Amino acid sequence: PPSTNPPHPPAFPALPGAGDMQNYENLGRIGEGMDGVVLKCRESGQLVAMKKFKDSDEDDQVRKTALREVRLLKQLRHENVVRLTEVFRRKGKLYIVFEYVERTILEDLEQHMDGLSAEETKRLMWQLVKSILYCHRHRILHRDIKPENLLISKDGVLKLCDFGFKRPQGGPGAKYSVYVASRWYRAPELLVDDQKYGRGVDEWAIGCMFVEIATGQPLFPGESDVDHLWLIMKCLGRLCDRHVSSMKRKAMLAGLRMPPAHELDPLESRFPQFDLPMLQSLKACLHADPDKRASCEEDPYFARAEEMFSPSFRQELEKDREKLRGKE
C-alpha cells in the first residue's frame, strides 16, 4: 500500500552558479540573523560576503525565506542594491554570495553619536530613497529598513541589503504578515495588525532612518508595541480612522488613548535644527495615513541632489552602474 508518511520537503531547485566552498577563503563571520550567518570571504583575490543559511533543506520556513531572497535578488539590478554574484548548495545548505561592502550605517552612527553631517545625511537619504523607489517600481516591498541593512562602501555608496522580509506586492486588498521590520521602524499599520498594508511601511521606515542618520538617535525607540505606538501618537497626533478602529479591536491596545494636546511633542519642536525642506520631507514619509505618505520622488529636499555631490562620488556611482550594465 502507498505510504501514509508526509513527503520530505523538496530540495532546492537548480539554481545558477557552480560555486563551492573550496573556492572561497573564509576570513571570519561578519553578521548573523535568525536564518543564517554572513561570512567575509576571498575568492580569486576579491572580497565577497557570503550568506550561509541554516539547515536549508530540513527547515521548511528557512527554505522558503532563502528561496524568496534569491528569487527577488535575481530581479534587482541597481547601484544602490547589494549585488548578488553567485548561488550554490553544499550538503543541503544554501549559500548566497554578494559583493562585499565595507560597513553599515549602524557602524557609522556608533562612531558619530550626534548624527552625520547635513551633506552626508542628504547623500545617504537620496540613495536610500532611490533604492526603495526602484524596489517599489518592481512591485517589491522591502519591509525591514534599518541601520544594519544599509551598507556603505568606502566611497560612500549606499547598498540596501537583507531581503529575507522582502516580498512581491500583491494587488488591491492583498494581505501580508504584520510581523516584519524591527520595532523602532514599524509603521502604525503594523502595530495595529492592519494586514492590508503596502509601500507605506517602507516610506515610514525611510522617515525613521532620516531622523536617526541626522541626529544619531532613533525617532521612536519604543520598549514594546504599546510604548512605540504611544510615542508615535505623542509626536504625530491621532492615527487615521482605519487604524483607530483596528487599535480598538486589539486587546493589548484597546485601553490606549490619544495623548492630551498639551503633551504632544511635534517634529518641529523636537528638531528645531531641521530646515523647512527637511521637515516637509520627513512629514511626507511619516503621515499617519499610509495612503497619503509620499515616496520622496519629487521632494524639494532632494532637488538637484546628485549634482551637489563630489565628482569622485559620482564617478563611483557610475562605476557601479557600468558593472550592472555589464551583467545584463
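**View 1. The second largest pocket of this predicted model holds about 450 Å³ of space.** This is a predicted model, where local features need pLDDT of at least 70 and side-chain atom pairs count only at pLDDT 80 or more, while totals for chains, interfaces and linings use all residues. Residues are numbered from 1 along each chain as its sequence is written, and side-chain values use heavy atoms, leaving out hydrogens and water. A pocket is an open set of points on a 1 Å grid over the protein atoms alone, with protein on both sides within 12 Å along at least five of seven lines, and its lining residues have an atom within 4 Å of a point. The volume is the space filled by probe spheres (1.4 Å) set on the points. Of the 19 lining residues, Arg 83, Glu 99, Tyr 100, Asp 320 and Lys 323 are the closest to the centre. Strand E3 (46-53) and helix H11 (311-327) are the elements that give two or more residues to the lining, and H11 gives the most, with 5 residues. Helices (H or I, at least four residues) and strands (E, at least two) are DSSP runs, numbered from the N terminus.

**View 2. Strands E4 and E5 form a hairpin with 2 residues between them.** Look for E4 at residues 84-90 and E5 at residues 93-99, paired in the antiparallel sense over 6 bridges; two strands pair if DSSP finds at least two bridges between them. Arg 89 has Leu 94 in E5 as its bridge partner. In the turn, Lys 91 has a positive phi of about 55 degrees.

**View 3. An open, antiparallel sheet has 3 strands in the order E6-E8-E9.** E6 (103-104) and E9 (158-160) are at the edges with a single partner strand each, so one side of each has no neighbour in the sheet. E8 (residues 150-152) pairs with E9 over 3 bridges, and here you can find Leu 151 opposite Lys 159. Helix H3 (residues 118-137) packs on the sheet and touches E8 and E9; contact means heavy atoms within 4.5 Å.

**View 4. Helix H7 (residues 241-249) has buried residues and exposed ones.** His 243, Val 244, Ser 246 and Met 247 are buried (under 20% relative accessible area, with exposed over 50%, for a 1.4 Å probe and protein chains only). Seen down the axis, the buried residues fall within an arc of 165 degrees, so they line one face of H7. They pack against helix H4 (188-191) and helix H6 (225-236).

Conventions
Axes fitted to C-alpha atoms, helices over the stretch in contact; angles between N-to-C directions. Arc of directions from axis to C-beta.
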